[in-house]
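Good morning, everyone, and thank you for making time for this.

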Amino acid sequence: MHRILIVSEEEFLCDVIRLSLAGMRADVRCAPGVAAMERLSRRMLFDLVIVVGTSLFFSGRDVVRILRPPGLRKPLVYVVAWQQAEQSVLSLLECGVDQYLTFPVSLQRLRMKVANDLNRQL
Amino acid sequence: MKLALLLFFAAAAVCACTLLLLILRARERRLLAAAARAAYSDAPDGIGISVLCSGVTDPAQLENLLSSEYSRYEVVAVFDSRRQTAEFRALAARYRMIRVEWAPTGELEVAGVRALGRSRKRCFRRLVLVDRAFDGAAGDFDAAAAVATYDYLLPVGAGQYLVPGAVERLVAELGSEPPGTLDLVRSHLGEPAVLLSREALIAAGGFGMRPLREIPRGRRRTLWEPLLAPPEAGRHVPRRWLLLPALSLAVAFGLSVAAGWWTAAAAVVTAALVWTAAACASRAVSGTARSGLRRFIPIRRVFRYY
Amino acid sequence: MTERLLIAYTLLTALATAALLGALCASELQARRRCGRDAVLGSRYLRILMLYLLSGEGPVPRFPMIRRAGARRLLAETVAGLTGVTYGLDTAPLRRVVSAYGLDRWLLGRVRRTFGCRRARNLMLLARMPLDGAVAARAARYVRSRNRRVRFQALMVQLAADPSAALRLMAEYPAPFSACEVGEILILLRRGMLPIAYGPLVESPCRNLRIVGLSIVRQFGIEEAEPQLLRIVAGDEVPELGREALYTLCALRRPLTRRRVSRRLAVMSSAERKALMRYMAAEGYSPGLLRRLFDARRERSYCESLVQSYKRSLA
C-alpha cells in the first residue's frame with residue numbers, strides 16, 4: 001500500500017485532495033502545518049507528499065530536504081498552489097519539487113498523475 | 001460642567017460605535033477579498049510590494065515576512081553586520097545570499113551602506129540584505145527603499161508579524177483602484193501598518209521627512225483591519241479576570257442609578273459601551289472577544305509615523 | 001434640563017450596551033457552532049458531495065441535518081468552495097444537488113435581504129453554483145447596483161450562467177474593470193468556464209475587453225500576440241492600455257528596441273519610466289538594451305546602478 005501525505009493549512013483543500021484520491025489503495029495522511037509534516041515524515045517514509053501552497057518554500061525552509069532522507073529519491077513532492085508566476089514555479093522545480101499544479105486544479109488529472117507516478121515507483 | 005461632561009460622554013460613545021461600524025464593514029470586505037482570491041494567482045496590474053525591515057533580527061519574524069504567497073513581493077532587511085555579526089552570518093548562510101554591487105541610485109540620500117546581498121534564485125530571490133552602519137530606523141528604511149524593486153513599500157520593525165493574507169489584502173485594495181491613484185494605505189489596528197508608494201516617499205525625501213503628511217487625503221486609504229500583529233497576539237486574557245471589572249461596572253451603574261447620580265451613571269454606562277464595542281470589534285477582527293481591551297489599539301504606537 | 005438629558009443619555013447608552021452585549025453573545029455562540037458542529041458537518045458534506053461526483057449518477061444524496069440553522073449555507077459554501085478550486089467537474093450531479101436543495105433560490109433570497117459586501121459575497125457563492133438562466137436573470141438587476149463589488153459579482157453570475165454571451169456582457173458592463181476584477185475573470189477562465197480567445201479581446205475597441213485580453217496574454221505567456229501588443233503600445237487613445245501592453249511585452253520578455261516602444265516611453269512620466277526600468281531589471285533585461293531605451297543622462301545612471309545591483313563584479 002502506498003503512503004501519501006497532504007500538507008495544508010486549509011482543512012478544506014486538504015479534504016478535497018484527500019477525497020479525490022479515495023479508492024487508490026493508499027494510506028493518505030494529512031498534516032496541518034510544517035511541524036506536523038516534520039513529525040510524520042520522521043515517523044514513516046512516504047511515497048508522495050502533496051504540499052498545498054508555496055509559503056512553506058518561500059519562508060526559506062528546505063522542505064524537500066526535510067522530507068527526503070539523504071540518498072533517496074522518495075518521496076515525490078507535488079505542490080498545488082495558486083501561483084502562476086513562471087519565476088516562482090521554476091524556483092520550486094529547482095528546489096526539488098517533482099510536479100507543480102495550479103489552482104483551479106482538475107481532480108481527475110491530479111488523481112491520474114498520482115496513480116501513474118506511484119505505479120512507476122513500484 | 002454637567003453639560004460638558006455629557007457632551008464628552010456622547011462623543012466617546014459615538015466614536016466607539018462609529019469605529020465598530022467601520023471595523024464590521026472592513027471585516028466583510030476582508031472576507032470578500034479572501035473568497036475572491038483575485039490576488040492569489042497572479043499580480044493584478046503588476047502591483048508589487050517591498051517590505052522594508054529595520055531591527056528585524058529574529059529568524060522566525062523574517063520567515064513570517066517571507067512566507068507570503070504573493071508573487072511580486074520581496075523583503076529588504078537592513079542589518080549592521082558589525083553590531084549583529086552572528087545574526088547576519090546566520091541569515092546570509094541560510095538564504096544563500098550572493099553579494100552584489102551596491103551603487104546609490106540618487107533618489108534618496110543613503111549613507112553607511114557597506115554591502116548588498118540578494119538571495120539565490122533557488123531561494124526565490126525574495127530576500128535582499130543590506131549591510132549598513134545603524135544610525136536610526138529612518139536611515140535604515142531609506143537604504144532599504146533605495147534598493148527595493150517594487151512600487152509600494154511597507155516598513156516593518158522588530159516584533160511586527162504579517163497577519164495571514166495581509167499582503168493579498170493590501171494588493172486587493174490597491175488593485176481595486178485605477179493604477180497609481182493611491183499613495184498610502186494604512187491600518188491602525190494590531191500593530192499600525194503604513195504602505196507607502198515609492199513616489200510619495202521620494203517626493204518627500206525619505207522616511208526622516210515625515211512622508212505621510214505630504215500625501216493628499218484623496219490618495220489615502222485606511223483599512224480598519226489588522227495587517228501586522230505582535231507575536232503574542234494569540235494569547236488571551238483569562239475570562240475570569242474580565243469578570244471582576246465587568247461586575248464592578250454593573251454594581252457602580254446600579255448604585256449610581258439608585259442614588260440618582262446621573263453623571264456618574266452616564267460615565268459608567270459610557271465606559272461599558274466603549275468596552276463592549278471594543279470586545280465586538282476584537283471579535284470581528286480576530287474571532288475572539290476575550291482580549292478586546294488589551295489588544296484593540298496599542299495607542300503608544302499609533303502615532304509613531306506622524 | 002441637563003439632568004433630563006443625562007437620564008435620557010444614560011438610558012439610551014444602557015440600551016445600546018445591552019444590544020451590543022446580546023450581539024456579542026450571539027456571535028460567540030455562532031463561532032462555537034462554527035468550530036464544533038459546522039466543522040464536522042462541512043467535512044461530511046464535502047465527503048458526500050465528492051463521493052456523489054465520483055459515482056456520477058444515482059439519486060441525489062441526503063445531507064444530514066440540512067434543515068438545521070446554517071446547514072444550507074454550509075452546503076452552498078461547500079459546493080462553491082469545491083467549484084472554486086477545481087475545473088473539469090461533472091456539472092450534472094452538482095446541478096442536481098443545487099436544484100434538489102434549492103440552493104440557488106435560497107442564495108437569491110439571501111442576496112435580496114443583505115447589502116454591501118455581504119450581498120456581494122452571496123452573489124459570489126451564487127456565481128460558483130451551476131445555474132440556470134432563470135436564476136441568472138433574477139440576479140441581473142444587481143449589475144446596475146451602486147456598490148461596485150455587488151455590480152461586479154452580479155456580472156460574474158451572468159458570466160457563469162451564460163458563458164457564450166461573455167463578450168457582450170463584459171462589453172456592456174457599465175464601469176471599467178479594476179485589476180482585481182480582471183483577476184477574478186481570469187480565474188473563471190482558468191476553470192474552463194469562459195470559452196473566449198485572446199484575439200478578439202485584444203483587438204476590440206472596448207477598454208474592458210482589451211484589458212481582459214492583455215491579462216490573458218500575460219498570464220498564459222502568448223508570444224504570438226506581440227504584433228497586437230505593439231499596436232496597442234503605439235496607439236495613444238488610452239494611456240493605461242498602452243502601459244499595460246508594454247508591461248505585458250516585458251513579462252513575455254520580448255525585445256523592446258522598437259520605434260513604437262520608444263514613442264510610448266517618450267510620453268510616459270519620469271516616475272513611470274523608472275518603474276518600468278525596475279521591472280525590466282528584475283525581469284533580467286540586458287544593460288545594453290536598457291541603455292538604448294532610456295537615453296537621458298540622469299535616467300541612464302539610475303538604470304546602470306539598478307542593473308549593477310543584480311550583478312557581482314568578479315574583476
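I will go through the chains in turn, then the contact between two of them, and then a few individual residues.

Please keep in mind throughout that this is a predicted model.

Let me begin with chain A, where UniProt, in an unreviewed entry, places the feature "domain: Response regulatory" at residues 3–118. Over residues 3–118 the chain is 43% helix and 22% strand, and the end C-alpha atoms of that span are 10 Å apart. Two places in chain A deserve a careful look at the backbone. One is the peptide bond that joins A:F103 and A:P104, which is cis, with omega at about -10 degrees, and A:P104 itself lies in the loop between β5 and α6 of chain A.

Turning to chain B, we find 11 helices and 11 strands, and buried residues make up 52% of its 306 residues. If we take the contacts in chain B with a separation of 6 or more, 71% of them are accounted for by residues 24 or more positions apart. UniProt, again in an unreviewed entry, lists residues 6–24, 241–259 and 265–285 of chain B under "transmembrane region". In the model, residues 6–24 are 100% helix, with the end C-alpha atoms 27 Å apart, and residues 241–259 are likewise 100% helix, with their end C-alpha atoms 28 Å apart.

How many residues does each chain bring to the contact between chain C and chain B? Chain C gives 50 residues and chain B gives 55 residues. On the side of chain C, the elements that give two or more residues are α1, α5, α9, α13, α15 and α17, and the largest share, 18 residues, comes from α1(C). By type, the residues on that side of chain C divide into 26 nonpolar, 14 polar and 10 charged.

One of those elements, α9(C), also packs against α11(C), at an angle of about 60 degrees and with the axes 10 Å apart, which means that α9(C) is oblique to α11(C). The crossing of α9(C) past α11(C) is right-handed. The residues that meet there are C:V182, C:I185, C:L186 and C:L189 from α9(C), and C:I211, C:V212, C:S215, C:I216 and C:Q219 from α11(C), a set that divides into 7 nonpolar, 2 polar and no charged.

Further along chain C, in helix α12, the residues C:Q228, C:L229, C:L230, C:I232 and C:V233 are buried, and the buried residues of α12(C) pack against α10, α11, α13 and α14 of chain C.

Finally, two arginines in loops of chain C. C:R253, in the loop between α13 and α14 of chain C, has a positive phi near 55 degrees although it is not a glycine, and it has 14 C-beta neighbours inside 10 Å, so it counts as partly exposed.

Terms used:
Residues numbered from 1 in each chain as written. Chains lettered and ligands numbered in written order. Predicted model: local features only at pLDDT ≥ 70, side-chain atom pairs only at ≥ 80, totals over all residues. Contact = placed C-beta atoms within 7 Å. Helix = DSSP H or I, 4+ residues; strand = E, 2+ residues; numbered from the N terminus. Nonpolar A, V, L, I, M, F, W, Y, C, P; charged D, E, K, R; others polar. Axes fitted to C-alpha atoms, helices over the stretch in contact; angles between N-to-C directions. Parallel < 35°, antiparallel > 145°, perpendicular 65-115°, else oblique. Left-handed = near helix turned anticlockwise from the far one by under 90°. UniProt positions renumbered as here; feature names shortened; annotations may be inferred. Buried ≥ 20, exposed ≤ 12 C-beta atoms within 10 Å, placed from the backbone.
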